[in-house]
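Biologist: I'm new to this structure and would like to learn how to read it. Could you put it up and walk me through?

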Amino acid sequence: MLDLAPLTIPFPGGHMRTTKAAACLTLAWTIVITACASDRPCASPCGTIIVNITGAPETVLPVFAVSSNAQAITGLLFLPLAEIGNDLNYLGDGGFEPRIARSWTFEDSVTIVFALDRRATWEDGEPVTARDVVFTYELYRHPAVNSDEREDISDIVAVEAREEHIVAFSFSHPYQQQFYDATYHMRIHPAHLLDTIPREALRTHDLTRAPVGSGPYRLGRWDVNSTVELLANPDFFLGAPGVARIVVQVVPDLNTTVSQLIAEETDFADFLGSPSNVQRVRETKEVAVIDFPSLAYVFVGFNLRDPSSPNRPHPLFANRDVRRAIGLAVDLAAIAEAVLGDSSAVPSGPVSRGNALWDYEVERTPFDVGRATQLLESQGWTETDSQGYRVRNGQRLSFTLLVPSSSGMRRQAAIIMESQLHAAGIEMLIEELEFNAWYERSQRGRFDATLGNWGQKPNPANAIGGAWGTGGPDNWGSYSNAAFDSMLAAASRATNPAQARTNWLAALRLLQRDPPAVWVFAPSQAAGVHGRLQNVFVRSDDWGATMWRWQIASDQMLPRDRVGVP
């Protein structure tokens with residue numbers, strides 16, 4: 001989960017700037033600003049990139065990563081077999097770049113064989129082998145590990161080491177996303193260090209705080225809830241990173257982040273927040289704004305189980321018409337406008353603006369207090385108390401919404417929503433929690449409703465099924481609808497895009513009739529990056545994906561960049 005937001009020039013998957021001085025040539029459309037000839041990057045890794053994030057990473061070991069920040073950081077430490085392209089194509093292998101695997105072959109309709117790069121090594125000098133790949137698959141699939149990616153690789157039925165550097169993936173059936181499933185969800189882990197640790201003990205083991213990876217960076221320091229320092233891996237087999245050090249610091253307040261960008265105290269933030277914040281950065285010549293479609297959406301997720309006794313249905317939200325009424329009683333367009341201006345829109349379901357399913361063929365939930373009133377009264381909520389709230393059998397129509405205190409955007413949305421629901425006779429109490437406490441409560445189902453913000457993956461099957469399909473790892477509210485599950489399965493198994501799209505749209509329409517959540521808004525996103533950084537591309541799904549290729553010109557370094565420079 002993450003906080004997001006403004007759209008100027010949309011690019012599938014991201015936006016590139018090879019930044020430098022204004023005297024350099026600006027090219028139309030991609031807004032690529034080439035570095036002037038005299039502004040050459042350092043010959044070896046040098047300089048420091050300071051990154052501001054709003055929420056702390058929960059881990060530095062990929063198998064346990066859930067939040068977008070943890071995934072971005074661990075992605076700089078560990079590699080997949082292949083990296084998805086900047087266009088985020090998830091069908092076939094088009095655009096994917098070799099990483100641990102140097103090549104691959106589609107042996108038949110249900111088998112992909114990978115040949116590993118013999119140059120790949122772990123930080124301790126041990127080679128990366130097929131044993132590591134087999135171990136990684138077993139690790140992600142192990143129930144005691146309970147990886148967030150576990151369900152996403154369920155169609156992989158076996159991973160076999162054929163030779164020391166040859167590994168074969170077998171799938172349960174032919175489908176278009178086989179290569180994506182084999183490469184996107186798993187970062188290869190070192191078997192020689194982790195295999196002997198009991199799986200149930202791995203999450204708290206010392207090696208999870210001092211991981212040994214194969215990526216362009218190694219972990220220098222991790223101060224939980226504060227700072228992560230990454231140091232360039234000089235022996236990285238794909239070439240030395242462009243920057244010697246990356247310091248990721250947790251700064252929950254976006255106004256502070258914008259002020260630090262303007263003051264040149266930080267270099268990059270993947271999200272700037274409100275339109276006024278974005279405008280402040282645009283007016284600063286030292287900092288560039290990168291606009292791109294976000295892969296996130298904000299929602300109020302209902303718990304369909306009683307948080308005090310999960311074996312029982314929720315006294316309010318097990319009722320479909322109560323959930324529908326709450327959605328109808330909220331003016332979603334007004335909330336989106338108030339929070340993010342014209343840089344956000346109301347989604348048709350659990351889809352982001354960067355998702356292939358962002359589509360106006362599916363009707364948005366209308367603002368209709370009259371219809372909400374009819375639904376509530378049909379369920380017996382006909383009386384009101386002295387404060388204007390609806391009452392049934394002496395009980396007020398009341399629930400509590402969990403909100404992370406680190407998200408100014410969600411806090412503002414909750415306050416507006418509280419007022420709108422009061423006008424419809426519904427009491428919504430707001431409980432603000434520190435991010436990790438909010439996440440823990442939400443993940444464990446200890447809530448009535450939670451104000452969440454999912455950052456999606458490129459494949460709709462992962463983005464929607466994991467959060468809203470029956471038994472999905474991120475289905476915190478225990479939503480279950482057999483017809484919806486059937487539509488998800490049909491979409492995932494479709495053999496052509498048109499067939500898949502038909503099933504996806506049917507699934508979204510079903511969620512309008514039987515909503516597990518209120519789909520509040522889907523923002524565009526604006527990132528801020530210091531102008532001295534070159535070769536910058538920000539991918540929508542992973543802000544750190546290309547950071548190892550970023551560079552700093554030797555004559556553009558600040559005093560804090562001198563780390564690692566002779």
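This is a predicted model: local features need pLDDT of at least 70, side-chain atom pairs count only at pLDDT 80 or more; totals for chains, interfaces and linings use all residues.

Biologist: Which residue forms a salt bridge with Arg131?

Modeller: The general idea is a side-chain nitrogen of Lys or Arg within 4 Å of a carboxyl oxygen of Asp or Glu. Here the partner is Asp195, with the closest N and O atoms 3.6 Å apart. The two residues are 64 apart in the chain: Arg131 sits in helix H2 (residues 130–141), and Asp195 in the loop between helix H4 (191–194) and strand S9 (217–223). Helices (H or I, at least four residues) and strands (E, at least two) are DSSP runs, numbered from the N terminus. Asp195 is partly exposed too, at 32% relative accessible area.

Biologist: How many salt bridges does the structure hold?

Modeller: There are 29. One of them joins the side chains of Arg539 and Glu83, at 3.1 Å from N to O. Arg539 belongs to strand S26 (residues 536–539) and Glu83 to strand S3 (residues 82–83), so this pair ties together parts that are 456 residues apart in sequence. Both Arg539 and Glu83 are buried. They also belong to a network of salt bridges that links Glu83, Arg187, Arg539 and Asp541.

Biologist: What about Arg282 and Asp291: how do their side chains meet?

Modeller: In a salt bridge as well, at 2.8 Å from N to O. Arg282 is partly exposed at 36% relative accessibility, whereas Asp291 is buried, with a relative accessible area of 5%.

Biologist: Now the strands. In what order do S18, S19 and S20 lie in their sheet?

Modeller: Strands of a sheet pair through backbone hydrogen bonds, either parallel or antiparallel. For two strands to count as paired, DSSP must find at least two bridges between them. In this case the order is S18-S19-S20, an open sheet of three strands with antiparallel pairing. Strands S18 (383–384) and S20 (395–396) are the edges, each pairing on one side only. Two bridges join S18 to strand S19 (residues 390–392), and Thr384 stands opposite Arg390 in S19.

Biologist: Where is there a hairpin, and how many residues lie between its strands?

Modeller: Look at S15 and S16, which form a hairpin with two residues between them. Strand S15 (residues 305–306) and strand S16 (residues 309–313) run antiparallel and share two bridges. Arg305 faces Pro313 in S16.

Biologist: Stepping back, how many helices and strands does the protein chain have?

Modeller: The count is 14 helices and 27 strands. Of the 566 residues, 59% count as buried. The C-alpha atoms fill a box of roughly 75 × 55 × 45 Å along the principal axes.

How values were computed. Residues are numbered from 1 along each chain as its sequence is written. Side-chain values use heavy atoms; hydrogens and water are left out. Buried means under 20% relative accessible area, exposed over 50%, partly exposed in between (1.4 Å probe, protein chains only).
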